[in-house]
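Welcome, and please open your viewer. We will walk through this structure stop by stop, selecting a few residues at a time.

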Amino acid sequence: MRILRARGRTAAPWSNGGGVTREVAAHPQGAGWDGFAWRVSLADVTRDGPYSPLPGVRRILTVVDGAGLELTVDGTARLLPGGHRPFAFPGGAATASRLLDGPVVNLNVMLREGRAAATVEIVRGTWAPGPPPSPVPSPVPSPESGPDPVGGLLVVALEGDTRLAALGDPGEPEKAVVRLERFDAVLWPGPDAPPGGLRADGTVAVVRLAGPPLHVT
């Protein structure tokens, strides 16, 4: 398990000047735009404008602060009001956003097609593991990644002062209890993900990942 505090993240400006993004986690750790299998970030969006095209990348966007936005993907408009509603779309599509009423913060999950898959659920209370994300082909074996894809679990706190507990098998006590401030996160590699799920006393985003092995340090 690795705790990822929001206060330690670096803000990187968008190339179009419409906001900044802060990486929460990525695989491989430290990978650039051309090298990630999956990447999760939080973006402050301050004005309307187009999205940079990302061919070969699947995106899941969730508005986690602010009134929301209208997202137009290949000419089709979709309202994404505040209220934590994940929306998936192809990164290579022509995409633009219009703010509904002032700046927003988006949780962005980016998945390299053929290398990673994910589900995003908004949870308050108890979360139990369901079916895993759609399988992806095994990556080409390498000394860094290993031969087999392994899942992972990333939890991002969307409210302040959240108490998060990992659940074991029925009858076992809660373990790995942590307290998270807003936008703090916890990452478990697949083999270490809590078998019984999670319990949160605040609202959290649960990102369940499938793809190359995770190397947590």
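Start with the aromatic rings: searching the whole structure turns up one aromatic pair. Select F87 and F89, whose ring centres are 5.8 Å apart with planes at 20 degrees, so they count as stacked. (Rings of Phe, Tyr and Trp, the last by its six-membered ring, pair if their centres lie within 6.5 Å; planes under 30 degrees apart are stacked, over 60 edge-to-face, and the rest tilted.) F87 is buried at 15% relative accessible area, and F89 is buried at 3%. Here buried means under 20% relative accessible area, exposed over 50%, and partly exposed in between, with a 1.4 Å probe and protein chains only.

A word on what you are viewing: this is a predicted model, in which local features need pLDDT of at least 70, side-chain atom pairs count only at pLDDT 80 or more, and totals for chains, interfaces and linings use all residues. Residues are numbered from 1 along each chain as its sequence is written, and side-chain values use heavy atoms, leaving out hydrogens and water.

(Helices, H or I of at least four residues, and strands, E of at least two, are DSSP runs numbered from the N terminus.) Six strands make an open, antiparallel sheet in the order β2-β3-β4-β11-β6-β9. Two strands pair if DSSP finds at least two bridges between them. At the edges, β2 (12–13) and β9 (87–90) each have a single partner strand, so one side of each has no neighbour in the sheet.

Zoom in on β4 and β11, which run antiparallel and are joined by eight bridges. On this stop, R39 stands opposite M110 in β11.

Which residues have the most contacts inside the largest nonpolar core? Select V24, W38, V109, L111, L154 and V156, from a core of 24 residues. (Such a core is a set of buried Ala, Val, Leu, Ile, Met, Phe, Trp, Tyr and Cys residues joined through side-chain atoms within 4.5 Å.) β11 gives the most to this core, with four residues. Apart from this core lies another of 15 residues, among them V155, V178, W188 and A200.

Return to L111 and show its contacts (heavy atoms within 4.5 Å). Beyond its neighbours within four places in sequence, L111 touches residues including W38, V57, I60 and L209.

Finally, zoom out: buried residues make up 46% of the 217 residues in the protein.
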